[in-house]
Each structure stands twice: as structure tokens, then as C-alpha cells.
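This briefing goes with the sequence and structure shown below. Please read the points alongside the display.

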Amino acid sequence: MKNKKLTIIIFIILVLLFGVFFYFNKPGQSKFLPVCPLNYLTGIYCPVCGTTRMIYALLHLDIITAIRCNVFMFAVSLVLMYSIFVRILKKFSKNRLILYDVIKHPCFTRVIIITSIVFTVLRNIPIMPFLLLAPVSLH
């Protein structure tokens with residue numbers, strides 16, 4: 001039990017440090033943030049291209065830009081936050097909750113993989129409206 005609490009504390013500290021780092025290091029202008037190797041070598045956007053920009057925008061409370069940077073990872077992060085919320089509620093709730101942790105569903109991994117493949121294909125089609133799925137640059 002003590003190890004589990006220590007792990008949670010270390011995780012929270014790392015998330016906070018990660019957040020502070022991203023808050024002060026703007027993607028595209030910071031030498032500390034790497035570029036996507038797939039995009040750099042081929043020009044193809046992978047399913048996570050734009051995620052660092054999305055995190056930066058979220059930390060600066062710019063939700064619209066965050067969604068425009070990577071709508072897929074924005075949706076995945078919402079699902080993950082919901083799952084964490086459900087787990088915390090179930091942990092501290094004395095009575096049974098009806099909320100379902102979607103990550104525990106047997107098809108969750110397959111849905112994420114298939115969705116990321118479809119998203120990757122669509123965001124690399126160079127015509128409208130698919131161009132809207134490409135990550136935007138931060139100003």
C-alpha cells in the first residue's frame with residue numbers, strides 16, 4: 001500500500017513538472033522539444049502529430065487551438081480523463097457507482113488502433129475538408 005501511494009505521488013509530481021515544462025516551452029520555438037521523425041522525413045502526419053502543440057494550447061486555456069492541433073488526441077485525452085475520474089470516484093465512493101470505465105472494455109484497444117489509422121489516412125488527404133485535420137502552427 002505504501003508503494004502504491006509513493007507511485008501515485010511520483011506520478012503526480014511528474015505530471016506537474018511535465019505541465020510546467022510545456023507551459024514555458026512553445027512547440028516550434030523550443031530547442032528542447034523534438035519534431036516528429038515521420039513528418040520530418042516524409043511530410044506525412046502521424047496520429048500524434050500536433051500533440052505537443054495541443055498540450056501547450058490546453059495549458060494556455062486555448063481549447064479551440066488544442067482541438068485544431070490534434071482532434072484525435074484531444075478526444076483520446078478526454079476519454080482518459082473520464083476513465084481516471086471514474087476510477088477515483090469508485091475508489092472513494094462507499095456505494096456502488098453506475099459509471100463505466102470505458103478503458104476496461106475488451107474492444108477499447110482495437111477501437112483506438114482502428115480510429116488512429118483512419119484518422120492518419122484522412123488527415124493526410126490534401127483536399128478540403130481533410131486539410132482541417134492537419135495540425136495548425138501556434139502563433
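Does L61 count as buried or exposed? L61 counts as exposed, because its relative accessibility is 72% and the cut-off for exposed is over 50%. The model is a predicted one. The protein has six helices and zero strands, and its pattern along the sequence reads α-α-α-α-α-α.

**Overall dimensions and burial**

- The C-alpha trace of the protein spans about 50 × 35 × 25 Å along its principal axes.
- The protein has 139 residues, and buried residues make up 26% of them.
- Among contacts in the protein with a separation of 6 or more, 50% come from residues 24 or more positions apart.

- L61 sits in the loop between α3 and α4.
- The phi of L61 is positive, about 60°, although L61 is not a glycine.
- Most residues other than glycine have a negative phi, and most peptide bonds are trans.
- A cis peptide bond is found between M128 and P129, with omega about 5°.
- P129 belongs to the segment after α6.

**Helix α3 and what covers it**

- Helix α3 takes in residues 51–59, and its buried residues are T51, M54, I55, Y56 and A57.
- The cover over the buried residues of α3 includes α1 (2–24), α4 (63–69) and α5.
- L61, with its positive phi near 60°, follows α3.

**Helices α5 and α6**

- The axes of α5 and α6 come within 10 Å and cross at roughly 165°.
- An angle over 145 degrees counts as roughly antiparallel, and α5 and α6 are therefore roughly antiparallel to each other.
- The crossing of these two helices, α5 and α6, is right-handed.
- On the α5 side, V71, F72, V76 and V79 take part; they meet F108, I112, T115, S116 and F119 of α6.
- Sorted by class, the contact of α5 with α6 has seven nonpolar residues, two polar residues and no charged residues.
- An α-helix has 3.6 residues a turn, so residues three or four places apart point the same way.

**The salt bridge**

- How many salt bridges does the structure hold? The structure holds one.
- The partners are D101 and R87, and their closest N and O atoms are 2.6 Å apart.
- This pair links distant parts of the chain, 14 residues apart: R87 is in helix α5 (71–92), while D101 is in the loop between α5 and α6 (108–123).
- D101 counts as buried because its relative accessibility is 4%, and buried means under 20%.
- R87, in contrast, is partly exposed, because its relative accessible area is 43%, which lies between the 20% and 50% cut-offs.

- S83 is located in helix α5.
- Where does S83 stand, buried or exposed? S83 is buried, because its relative accessible area is 1% and the buried class is under 20%.
- With neighbours within four places in sequence left aside, S83 is in contact with D101 and I103.

Terms used:
Residues are numbered from 1 along each chain as its sequence is written. This is a predicted model: local features need pLDDT of at least 70, side-chain atom pairs count only at pLDDT 80 or more; totals for chains, interfaces and linings use all residues. Side-chain values use heavy atoms; hydrogens and water are left out. A salt bridge is a side-chain nitrogen of Lys or Arg within 4 Å of a carboxyl oxygen of Asp or Glu. Helices (H or I, at least four residues) and strands (E, at least two) are DSSP runs, numbered from the N terminus. Buried means under 20% relative accessible area, exposed over 50%, partly exposed in between (1.4 Å probe, protein chains only). Axes are lines fitted to C-alpha atoms, for helices over the stretch in contact, and angles run from 0 to 180 degrees between N-to-C directions. Angles under 35 degrees count as roughly parallel, over 145 as roughly antiparallel, 65 to 115 as roughly perpendicular and the rest as oblique. A crossing is left-handed if the near helix is turned anticlockwise from the far one by less than a right angle, and right-handed if clockwise. Contact means heavy atoms within 4.5 Å. Ala, Val, Leu, Ile, Met, Phe, Trp, Tyr, Cys and Pro count as nonpolar, Asp, Glu, Lys and Arg as charged, and the others, Gly among them, as polar.
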